[in-house]
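Subject: Structure for you to look at

Hello,

Here is the structure I promised to send. Please open it and keep it in view while you read my notes.

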Amino acid sequence: MNIALILAGGIDPDFQMSVPKQFVNVYNRPIIIYTLERFQQHNEIDAIVVACLDGWQEMVTAYAKQFNISKLRWVVQGGKDGQASAGNGIVKLQEECRDSDIIIVHDAIRPLVSDDTITDSIRVCREHGMGVAAMRTMDTIMRTQDGKVGTKSISRYSIIRIQTPQAYRMDRLADIHKKALEAGIMGQVDMNSVVSKLGEPVWFSKGSELNMKINTVEDVAMFKALYKMRQELEKEE
């Protein structure tokens, strides 16, 4: 099986809206539903588990029923960061999955993930045990200590931007989680960061410039515009 593990456990105190980012309504649907629909509609995804912000679990279940997310099988409590939320999902999936199953970890606040991006993460995972969506940067990169003054230019060809989805074989994901706990590695934003902290190589799959992460109120406005544009393009096709 291929199972999507959607991380929706975070709350950003700097986000200037009255509800957490993943539950902001856009065109009468919460952002998390746009994300879940991408995996619901993907023909290689068999099931979905959501690691959810505490107190919102019943709301996620209700939304799934309202918007026909029939692949949602489990809702577990999220953690204080991406690693902790993924860890709670891993514990649940170890009870339900085979070692050879593929777990596709994805941020709830990346609602524009494409079929191609999901497919390629699964493909690379089948070949190498993991497939982490990534993109080259086209911008000049500089090192800074305070965000005000640059101290050193860094070649953009030695930098890559990490996104989700991040796909792993179940046995590999469980092993990474176990090793991280044993090594005292905690507080990481995603499982890719855990892998690198363990000193293991990370295999990249295709990312996308449109696979944006919603971090600010301005990002919500950008998502609205991009979603509307994609809908119009699909109608023309």
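Below are my notes, from the whole chain down to single residues.

This is a predicted model, in which local features need pLDDT of at least 70 and side-chain atom pairs count only at pLDDT 80 or more, while totals for chains, interfaces and linings use all residues. Residues are numbered from 1 along each chain as its sequence is written, and side-chain values use heavy atoms, with hydrogens and water left out.

**The whole chain**

The chain has seven helices and 11 strands. Helices (H or I, at least four residues) and strands (E, at least two) are DSSP runs, numbered from the N terminus. The radius of gyration is 18 Å, close to the 18 Å that the globule rule gives for 237 residues, so the chain is as compact as a globular protein of that length. That radius is taken over C-alpha atoms, and the rule is 2.2 Å times the number of residues to the power 0.38.

Buried residues make up 49% of the 237. Buried means under 20% relative accessible area, exposed means over 50%, and partly exposed is in between (1.4 Å probe, protein chains only).

**Helix α2**

Which residues of α2 (57-66) are buried? They are Val60, Tyr63 and Ala64. They cover an arc of only 100 degrees around the axis, so they sit on the same side of α2. The arc is that of the directions from the helix axis to the C-beta atoms. An α-helix has 3.6 residues a turn, so residues three or four places apart point the same way.

What covers these buried residues includes β3 (29-30), α1 (31-40), β4 (47-52) and β5 (72-77). The face turned away from the buried side carries exposed Glu58, Lys65 and Gln66.

**Backbone points to check**

Most residues other than glycine have a negative phi, and most peptide bonds are trans. Look at these three places.

- Asn68 is not a glycine, yet its phi is positive, about 60 degrees. Asn68 is in the loop between α2 and β5. It counts as exposed, at 59% relative accessibility.
- Tyr27 is not a glycine either, and its phi is positive, about 50 degrees. Its place is the loop between β2 (25-26) and β3. Tyr27 is partly exposed, at 44%.
- Thr164 and Pro165 are joined by a cis peptide bond, with omega about 15 degrees. Pro165 lies in strand β10 (160-169).

Best wishes

Notes:
Contact = heavy atoms within 4.5 Å.
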